[in-house]
Amino acid sequence: MPATSAHKSHFRTIQTIHLDYAPITVTQYESTRTGMRVVVTDQAGPKVNGYFALATEIHDDSGAPHTLEHLVFMGSKSYRYKGLLDKLATRAYSTTNAWTATEQTAYTLDTAGWEGFAQILPVYLEHVIVPTLTDAACYTEVHHIDGTGQDAGVVYSEMQGVQNTQEDLMQLAAKRLMYPAGNGFRYETGGMMEQLRVLTADRIRQFHKEMYQPKNLCLVLTGEVNHPQLLHILDQFEDTILEDVPSFDAPFHRPWTESKRAPALAKTVVETVKFPEEDESMGEVLVAFFGPEYNDHKECAALGILLIYLCGSSISVLENTLVEREQLCSMIYYNTEPRPNLAIEFQMSAVETGKLKQVEHRLIELLGEVAANDLDMAYMHDCIRRWRRQIKMKCEGGSYFFANPVIEDHLFGSRDGRDLKQLATLDELDALEKWSESDWRGFFKKYLVDAHHISVLGEPSKELSERITADEKERVQKQKERLGEEGLEKLGEKLKKAQAENDKPIPDSVLEEFPVPSAKSVHFISTTTARAGLARKAGKPGDNEIQRLIDEDDHDSPLYIHYEHIPSNFVRIKLDMCTAAIPLRLKPLISLYMMNLFTTPVYKDGKRMEFEEVVLELERETVAYGVDSESANYEMLSIALEVEPESYERIIGWLRILLFDAIHDAERLYSSLTKLLADIPDEKRSGDSMVYQVTSMIQYKPESSVRARSTLAKAVYLRRIRKLLKADPKAAIAQLDELCRALSRPENFRIFVSADIQKLSKPVSAWKMLISGLETGKPLEPLDNRKALLSQVGRSPGHAAYIIPMAAIDSSYAFLTGNGPEGYDHADLPAYMVARAYMDAVEGPLWVAVRGTGLAYGTGFSMAVETGKLLFRISRSPDTFKAFTAAKEQVEGYASGKYEMDKFALEGAVSEIVLGMADEQPTFASAAEHSFGNQAIRGISKEWNHQMLGKVQAVTPQQVQEAMRKYMVPIFRPESSNLVVTCAQIMKDTLEAGFKEYKPEVRTLESFEDDYGAPEVEGDDDDGEEEEDGDDDDDEDEPMDTPESEEED
């Protein structure tokens, strides 16, 4: 629907903002008919992202804002069909989602290309502004009691999974202490379970009428947007809703800005909140203050810098004192919440339960000490300069960097655009660089020293865990008795009737109105590849100017170096290392190596440099740095550094120092081990994390670095290493030295550089300093073989099934693994990809059968192509067996032909694959990294995605059906799949009976721990505990290579 030159839009331009620190333009519009706001950020790339944000204020815990986040997708005035919006989105290279925060509800539309976005936009907006909100939809989506007497519903299941967690209980307590009754920031907008059970459809409709008005809506778009066409689409949309919404000049109470402000805290309050947990050793501390007003931009910027100064890294005073030196917690971090007056939070993790009050007091005392003494103004200015660099780099990144401030402006900013205009410059940072020490001290004292605060001490309680389990069991039993057999039967029929009403079929004629856009409308990002040194053995990537520049500077480098040329003001470096050469007995030490890499003393220019100075220098040279798994092969380690071009050679020098001149200091290592071990209880409180952890332990051999870094592998091992470090430091340090020698070898390095290569004077020869004086004649180390690291259980699924009850959760999670296509060139892979996209689609078969009936918050397949393993997850379920049964029935039904495949859904599945490819590389930097991963690590073509797209477009329905029979059906059968379930203790017996065909073994988390042969060391550990606890996980969702383990909101 192209805009015509004769069309005069009803949207006026409020302002156009040209950023003076990035080549980006932001344009703000407003409708003269409805007051709807639109803000467009023009950015090049394949993705167009939309955020449709409403300020939502409520003064109770009913959860009405959260329910609308779900109910909006159930149909609209002109499209009265559940799931139509999402079915259309899947056909248009799009995906929808939403979130509910305390202050806002936002709906998202992520699309590959403008054409698909433009097609879906008016349909989506109608669902937001004029949804159907039927009784049947409220019944299934929000809360109902099923025929067995169990509470269910999509929203209810979601909140059941989080309401009694440590984080949610502490956050709710903080809200209650910060804000008085009648203030919207006081309440749980997600909904408390007890209130969701009595929430009515009429209350939800009333809340929608109050809040979901066009004048309270802001559309935030980022990407390559056609502005005239956008305004034309919005004008046509408004034509259809003018009779359904209040007039432009109708009275409207603007949420938050026109509501009564929260008063300043009258006194300091410290409150203890218990949370359910069997392990009572470690708790949490949360401390909160009120900050500056939202529209005081200089003070808000100053707060951001001050918090970085105080708590931004291991050398910042709070972390350095409380974590590194006094070891009172494993981590301290800060957060600010957008409010008319910002809320400032400090949270300390893994605090010994007996020291919670002492540690809270120490934090407040330390803030006073810092303010009373001289501030380190040189470091303050370092913080400002680094933040400036990070802002500029984020401008090259994803859409949310711009969406977030625009949404906050809509919530709390001036309607005339003056606050949003602050995006144009970084003037606040310029002004802050001129602040004196007195200015900073006065600001510091105003908000964090002289002001009152609230503190919440999170205390683990086994007794509370047992009581919650008993109370819930009693409540459900009484509910069943109250309803009786006849009542339960009626409720079962009521649910079936509501589901039938919701699931009315969508006529083909409606879907046909929305053709699938051409894939050519998606503008994928192109990068230029070049190779140097050992990377040349993969062949020259063609005749291009960048390769010629590299050739001129490459004098037979013995290193493997892969380059991707992109337009950027920054250089992104990765140094990847294989882990196969690390001896098995040392594998769990990888976690300590990663923790210690950037926070250890070093020898520089022949002199010892303490770790604080190392960190300071790294922060001055970089935008960001870190060490993690290589995303294209999780067995490998990847050191990542982001710098400006002028720091390129200096950061290579620092890599040399960190890899070869580190000093393994006993005191520093002890501190790192203490931090790692202190996080154990918190990690074990996550049912979602632990289902992955246990799966990792059974699926992989001990030689796997992924397994060795998991929580359950490190638990006993690192505690013994810490005791050894105390008893015999030389012996412990010798082990880490041996690990470092196994990693830090030139033949074990694969280097990736992404930059505007023309800005680097020595792109290749600068790397000589990394290996100067080292032996370089050995052949390149083979890549870690992930398939070879599968255990017998992993190689031959069908021999393992476990149920792990957990005191800290109220829900259940399941993870099933089976066999799938192996290798990127497998003939069945295209058909499997379409089958998976078909089954996993929003409003697809599994969504409707499981999430749509309230059986789980999410399900999904994923695939580890390198190992040939298929994965299926069930998340936040009131009964994973029921969710499993419903999913199994759908998969078997489609595989057998019982259910006919929908041609529109098949088209949508291909669309989803296109969107997935765009999601992998939405920016130049991510496209460059993806190219490196494909070519250097996965061993496939740079153009593999585009080649695969042609193959999936040629897949037939028969091939999809065969892929389902061959790969998906077996994952629901005990003889061909492995099963791991984590669940609330109250669910154990029910799930054990449900999964009886799997013959599951009920076990504790601790029973899966592995000490890797580390000998016991005599003597007490400092905390007085023996080997009962696990450890934190570097990336809990990583072990099974599940990039699609996300959950829909």
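Modeller: Happy to. Contact here means heavy atoms within 4.5 Å, and bear in mind that this is a predicted model.

Colleague: Good. Which residues does tryptophan 440 touch, then?

Modeller: Setting aside residues up to four places away in sequence, tryptophan 440 touches Ala302, Ile305, Leu306, Leu375, Met377, Met380, Ile384, Leu432 and Trp435.

Colleague: And which residues have the most contacts inside the largest nonpolar core?

Modeller: Those are Leu310 and Trp440, and that core has 94 residues. Helix H10, residues 297-311, gives the most to this core, with 11 residues. Another core lies apart from it, with 89 residues, including Ile561 and Leu637.

Colleague: Let's switch to strands. How many residues of S11 are buried?

Modeller: 11 of the 12 residues in S11, which spans 282-293, are buried, so call this strand mostly covered.

Colleague: What does S11 pair with?

Modeller: S11 pairs with S13, residues 341-352, in the antiparallel sense over 9 bridges.

Colleague: Can you give me specific partners? Say, what is the bridge partner of glycine 283 in S13?

Modeller: Glycine 283 is bridged to valine 351 in S13. On the S14 side, leucine 286 has valine 456 as its bridge partner.

Colleague: What does UniProt place at residues 199-381?

Modeller: The unreviewed UniProt entry has "domain: Peptidase M16 C-terminal" there. Over residues 199-381 the chain is 39% helix and 25% strand, with the end C-alpha atoms 52 Å apart.

Colleague: New topic: phenylalanine 904. Where is it found, and is it buried or exposed?

Modeller: Phenylalanine 904 is in helix H34, residues 903-920. The relative accessible area of phenylalanine 904 is 5%, and buried means under 20%, so this residue counts as buried.

Colleague: What is phenylalanine 904 in contact with?

Modeller: Leaving aside neighbours within four places in sequence, phenylalanine 904 is in contact with Arg91, Asp508, Leu511 and Glu512. Proline 515 is 389 residues from phenylalanine 904 in sequence, yet their C-alpha atoms are 9.7 Å apart in space.

Colleague: Last one: how do the axes of H31 and H34 cross?

Modeller: The axis of H31, residues 829-840, comes within 8 Å of the H34 axis, and they cross at roughly 110 degrees. Angles of 65 to 115 degrees count as roughly perpendicular, so that is the label for H31 and H34. In this pair, Met833, Val834, Ala837 and Tyr838 of H31 meet Ala905, Leu906, Ala909, Glu912 and Ile913 of H34.

Technical notes: Residues numbered from 1 in each chain as written. Predicted model: local features only at pLDDT ≥ 70, side-chain atom pairs only at ≥ 80, totals over all residues. Heavy atoms only, no water. Buried < 20%, exposed > 50% of the residue type's maximum accessible area, 1.4 Å probe, protein only. Helix = DSSP H or I, 4+ residues; strand = E, 2+ residues; numbered from the N terminus. Pairing = 2+ DSSP bridges. UniProt positions renumbered as here; feature names shortened; annotations may be inferred. Core = buried A, V, L, I, M, F, W, Y, C linked by side-chain atoms within 4.5 Å. Axes fitted to C-alpha atoms, helices over the stretch in contact; angles between N-to-C directions. Parallel < 35°, antiparallel > 145°, perpendicular 65-115°, else oblique.
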